[in-house]
Amino acid sequence: SPTAAETSSSPTVSLSSSPSGTPTVSDAEPVCRNSLVNSVYCPFHDVSYLVVATNTEAKEFGELVDGATTVGKLTAGFEYLYNEFGNSYNKFKTYPSYTITDSETLMYYKDFYGSDYAPNRVVKAALNMEPVTFTGPALEQDYTDDTQVGDVYYIAEETAKKVNQYTTALLQMYQLLEKAVQEVKGGCISYVHKGGGVPCNAAVDIWDEAAAIQEGPNYLGVKRCQNYLTCGFTYDNTDTIAIANTKILNLFQVGQSAIRTGDIVGTKGIIKLIQSAQIVPYIQAVGLYAWKISNTADSSLDTNNKYYAEGAAFA
C-alpha cells in the first residue's frame, strides 16, 4: 500500500540558487497528485473511484428511467438501483452510509419529514408508483397518479432521478462531513508534532470522500449557472464551473486543513459556509421550474407535471 508520502497532495517545487547562493523557488507550480474538479480541491488521497461511481451510477439510472413511457422502465430503474441488476457500483442504495449521528442538514430534513426520514424511501415510492407518508409535518407524496404529458410518467420519473442524484448524494456528503468531525472528536488527527505519535488519516480520508460525493450536487451547479449567468466570475459564462461550486470546493480545501489539524470549531464553521454556498443551485433550480410553469399558457399540474415534479424535488 502507498505510504503517507506517496499519497500526500503537497505541492512540489524546484529550487535554484540566486547569484548570492541563496536557494530560491523557480517555476514553482502546485502539483495535486489526486486532483478533483478542475483541481480546485486537492484530496489527501485518491478518491477518483468514488467520483466515477457517483457520476456513473446516477447517469446509468437516469438513462434507464428517462422517458418512462411504461411502468416497466420505472421497474428497471428500481432493479438497477436497489437489486444490483446491471449495477457495478451499488452506492446510492447505501446512502447515507453514516447514521450514528446526524449532520445539521439531515436534522433539517428530519424536522420536516420525520425522524425516520430516508431519501431512498421517496425514490422507491416514485419508482413503485406508491404513496409515501411521513411522521413530520410534510404532506403525503402520492406517486400513484398516472397523469402524463404525452406518454411519459413524468412525476415518478423526475422525482426518482432528481431526489436520487441531488438529495441522496447531498445527504451522503453532509453525513460524511459529520463523520469526519466525529472521528476528530475521537482523537483522530492527521497532523502531529515530531515525536507526537502516529498520524491518523481516517478523518481526512472521510472528508475527501465527502468532496468526491459532492460531484453529484456539483453537477447541478454547472447546469443552473448556465441559466443564471453564474458560471465563473464574469457574466459571459465562459467558465466551466459555477461560482457556487468554486466556493464550495475552496471551502472543502480549507476544511481539509482544519480536519487534519484537529480544529473542530473551525471545521463546523466551514461546514456552515458550505451549506450556505451549496443551497444556491437548488434555489436556482426551483426558480427555473417555477418560471417555466408561469411562462406557459396553462400552468396547471396536468399540463406541466414534469416541471412541477422537478421543482418539488429541489424544494
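I call a residue buried under 20% relative accessible area, exposed over 50% and partly exposed in between, with a 1.4 Å probe and protein chains only. This is a predicted model, where local features need pLDDT of at least 70, side-chain atom pairs count only at pLDDT 80 or more, and totals for chains, interfaces and linings use all residues. Residues are numbered from 1 along each chain as its sequence is written, and side-chain values use heavy atoms, leaving out hydrogens and water.

**Backbone**

I looked up asparagine 90 first. At 16% relative accessibility, asparagine 90 counts as buried. Its phi is positive, about 55 degrees, although asparagine 90 is not a glycine. My reminder: most residues other than glycine have a negative phi, and most peptide bonds are trans. Leucine 229 also has a positive phi of about 55 degrees, but at 46% relative accessibility it counts as partly exposed. I then checked the peptide bond between tyrosine 95 and proline 96, which is cis with omega about -10 degrees.

**Glutamate 157**

How accessible is glutamate 157? I found 1% relative accessibility, so it counts as buried. Beyond neighbours within four places in sequence, its contacts (heavy atoms within 4.5 Å) are Val65, Asp66, Gly67, Ala68, Leu74 and Val152.

**Helix pair**

Helices here are DSSP runs (H or I, at least four residues), numbered from the N terminus. I noted that the axes of H7 (residues 202-213) and H9 (residues 243-260) come within 9 Å and cross at roughly 165 degrees. Axes are lines fitted to C-alpha atoms over the stretch in contact, with angles from 0 to 180 degrees between N-to-C directions. H7 and H9 are therefore roughly antiparallel, a word I keep for angles over 145 degrees.

Key
Helices (H or I, at least four residues) and strands (E, at least two) are DSSP runs, numbered from the N terminus. Angles under 35 degrees count as roughly parallel, over 145 as roughly antiparallel, 65 to 115 as roughly perpendicular and the rest as oblique.
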